[in-house]
Amino acid sequence: MRQMSGAQMVCEAIIAEGVKTVFGYPGGAIMHVYDEIYKQKGFEHILNRHEQAAVHAADGYARATGEVGVAMVTSGPGFTNAVTGLATAYMDSIPLVVVSGQVPLSLIGTDGFQEIDAVGISRPCTKHNFLVRTLEELPRIFKEAFYIARSGRPGPVLVDVPKDITVDIGTFVYPDSVNIPSYKPTYKGNKRQIEKAVEAIKSAKKPLLYIGGGVVLSNAYKLVRELAAKTQIPAVETLMARGVMGAKNPLLLGMLGMHGNYASNMAMSETDLVISLGARFDDRVTGKLSEFAKYADIIHVDIDAANIGKLVDVDYPIVGDITEVLKAMLPQLDGVDANRYKAWRDVLNRYSELHPQSYIDSDEVIKPQWAIERIGELVGKDAIITSDVGQHQMWAAQHYPFDRPRQWINSGGLGTMGFGFPAAIGAKRAYPDKTVINITGDGSILMNMQELVTAAEYRTPVVNVILNNHFLGMVRQWQTFFYEKRYSETDLSFQPNFKALAEACGGIGYDVTTKSEFDAALKDAIRQDKVCFMNVAVNRFENVLPMVPAGGALFNMMLPQTIEGDA
Amino acid sequence: MPNILNERRVISVIVLNESSVLSRITSLFAARGYNIESLTVAPIPNSDMSHITIATNGSTKLMEQITKQLHKLIPVYKVIEHEEMVEKEMVLAKFPIAENLADISVLSAAYNGGVVNVGEEMIIVMVADEPKRIKHFIEAAQRYNPCEVVRGGVVAIER
Ligand SMILES: Cc1ncc(C[n+]2csc(CCOP(=O)(O)OP(=O)(O)O)c2C)c(N)n1
Ligand SMILES: [Mg+2]
């Protein structure tokens, strides 16, 4: 039993959890911990240049690896800067442990310098949070924090540590196991319910696999592919599930939802049995709820019981981990006749041929969709793609040939501009040998551009492909469609010199206006050991299509050829 | 089904005793727009748990969602949403001494209570009864010009 300070216990706990990389930013209340970070050798610390970026980086690390990401911030403004990061991870169920400094216990409640109620503020955007009140409970709290973050439906956990506790000396014993009597996630699905669901699949005529981010979180993609292959049931993926089926999988119709493709949205509108795996019927996916899967019974597999029946009535609820449920389900489907759904697949294939995911390319100007497809051709399945939020994100989701889960990292639930670059840094720290590309916009990239310095300092060569339309393009698109082209505060004609900006921070910049420049710049960028900005001038008034207007029925899509150009 | 949309429900929540657990519950209700009609909390004897009783209203579907969301909170051990509950609420009421004390005393006796304190200017009564009857008591008491009525909130136990 070793005697040590609370600060050292924090480091020892992080090491005991096997964490290799911590992202963070120091300050008064967390300084004792930073003093111990200086002395230890168990993990590396990356100094991001903003706490929001530190949490996003830990988040990107977690999404790329499936492990718990760790970030560390100081009290007050350090913590409040981290809130967007927590909320982003919370909405996408990403396992994080964020450690924040807090004023000494004796000052709590006195409006002390840099005091803010961190557990109060973070309550609605964390899975759970802790304020450490005694040194004795610190090791247990860390053990529980990591356990809660990664078990059940994963999520971010905040541990707020008052400064005096980091100074106090005590014995450190890190618990081997966790016992929280009030927290016992359900992993195995109910046997009877699974049997009923299997019967429903066997008697359906037009079943559809509706695949959500939960499949990625559960590392269940092989089982899902097996399920599809065995039954020959067609599949649609949500934004969070891109890569699960693999781009070339003939059973994959594509992405569904607001910017889903025609076949996917029509499939959902006509199916008679939705097999929902780790999806949560988000409004951006369902459109008008009363029209969503109107003719279907619904099987809903989710580890979070509260997701089931929250928005739609479910006929076959199965609470459990997708991996466990599919392991139980697959053998029961042994005798299923794959020809049974052939007529249905034929209908859907015709839909795919009728309205494929398409755009009109150009030789005069780079089309953003072309740029994404080109990245796919040049770096393909090995690269990790992160993105920010806007049109570029939707085009990336639509056009990139994702081959495996965890290849596509984006903020789906919260839609946080500024997520992509720091998340790319996190992913690159986890996989230094992989090409990591952030597909971003001229608006989003500025929201965490200080990370150029972080990436340069740590020789973390991520490539930022800025699809520059000189607009807050997604908002501009809505203004075009729904606000009679009044472009209120979305024109970004005033621009920084992106190339010079990258260079000023120790990176490399490229200005790209033609396809050949694009190829040359991308090939050069991925060979570099420096962070890059590729400033790609793209067609300004390009729109993301198909589009289901917010609140509309999924089958009422605006399709490419029905929209006249704007420019 | 006319009444199904706004039925009154009582939910019992058994939680681990820790300082922030009540705020986790109330902020869950606030954040998700659930209504709290009354809320009581007290430790469960000889345990490290507390019993929280929440009276709320909404449809069956909403109740199911509230129950599940409550259950997701880490320190929540058990959530009981049951039709078969014995419910009681306590009320203290203060009346001017000049009012008809005999009537007040009879009234409170009719609602399982009685006079608990008499001062120079005021008389205090306590009653404990089912929430619906408590409402009636408070209405009836208005006749005697109560200066103050303090309700305790509903406590409930499964039958
Ligand atoms: C932090 C934050 N602020 C505002 C928004 C609203 N928003 C969504 S997309 C968008 C435009 C993004 O512009 P850009 O990064 O240039 O991408 P584009 O749509 O042009 O590809 C905005 C402002 C948001 N999602 N996140
Ligand atoms: Mg833009």
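The report below covers the basis of the model, the chain contact, the ligand site, and some backbone details.

## Basis of the model

This is a predicted model, in which local features need pLDDT of at least 70 and side-chain atom pairs count only at pLDDT 80 or more, while totals for chains, interfaces and linings use all residues. Residues are numbered from 1 along each chain as its sequence is written, chains are lettered from A and ligands numbered from 1 in the order in which they are written, and side-chain values use heavy atoms, with hydrogens and water left out.

## Contact between chain A and chain B

Chain A brings 21 residues to the contact and chain B brings 18 residues, where contact means heavy atoms within 4.5 Å. The two chains bury about 1,500 Å² between them, with 51% of it on carbon and sulfur atoms; buried area is the accessible area (1.4 Å probe) that two parts lose on being put together, summed over both. On the chain A side, the most area is lost to chain B by A:Arg123, A:His128 and A:Ser182, which together make up 37% of what that side buries.

Two salt bridges are found across this interface, a salt bridge being a side-chain nitrogen of Lys or Arg within 4 Å of a carboxyl oxygen of Asp or Glu. The side chains of B:Lys72 and A:Asp304 form a salt bridge, with an N to O distance of 2.6 Å.

## Surroundings of ligand 1

Ligand 1 is surrounded by 17 residues, of which the closest are A:Gln391, A:His392, A:Gly443, A:Ser444 and A:Gly473; a residue is near a molecule if one of its heavy atoms lies within 4 Å of it. A polar backbone atom of A:Gln391 is 2.8 Å from an oxygen atom of the ligand, and a backbone N or O atom of A:Gly443 lies 2.8 Å from an oxygen atom of ligand 1. A nitrogen atom of ligand 1 is 3.4 Å from a polar backbone atom of A:Met417. Taken alone, ligand 1 exposes 580 Å², and the protein buries 76% of that, with accessible areas from the Shrake-Rupley method and a 1.4 Å probe.

In chain A, helix H16 (391–399) and helix H19 (473–482) each supply at least two residues of this shell, and H19(A) gives the largest share, three residues. Helices (H or I, at least four residues) and strands (E, at least two) are DSSP runs, numbered from the N terminus.

## Chain B and backbone details

Chain B has four helices and eight strands, which follow the pattern β-α-β-β-α-β-β-α-β-β-α-β along the sequence. Its C-alpha trace spans about 55 × 45 × 30 Å along the principal axes.

In chain A, a cis peptide bond joins A:Leu545 and A:Pro546, with omega about -5°, and A:Pro546 lies in the segment after strand E20 (532–537). A:Ser93, a residue other than glycine, has a positive phi near 55° and is found in the loop between helix H4 (77–91) and strand E5 (96–102) of chain A.

Note on methods
Polar contact = N/O pair within 3.5 Å; in protein donor to acceptor, adjacent residues only side chain to side chain.
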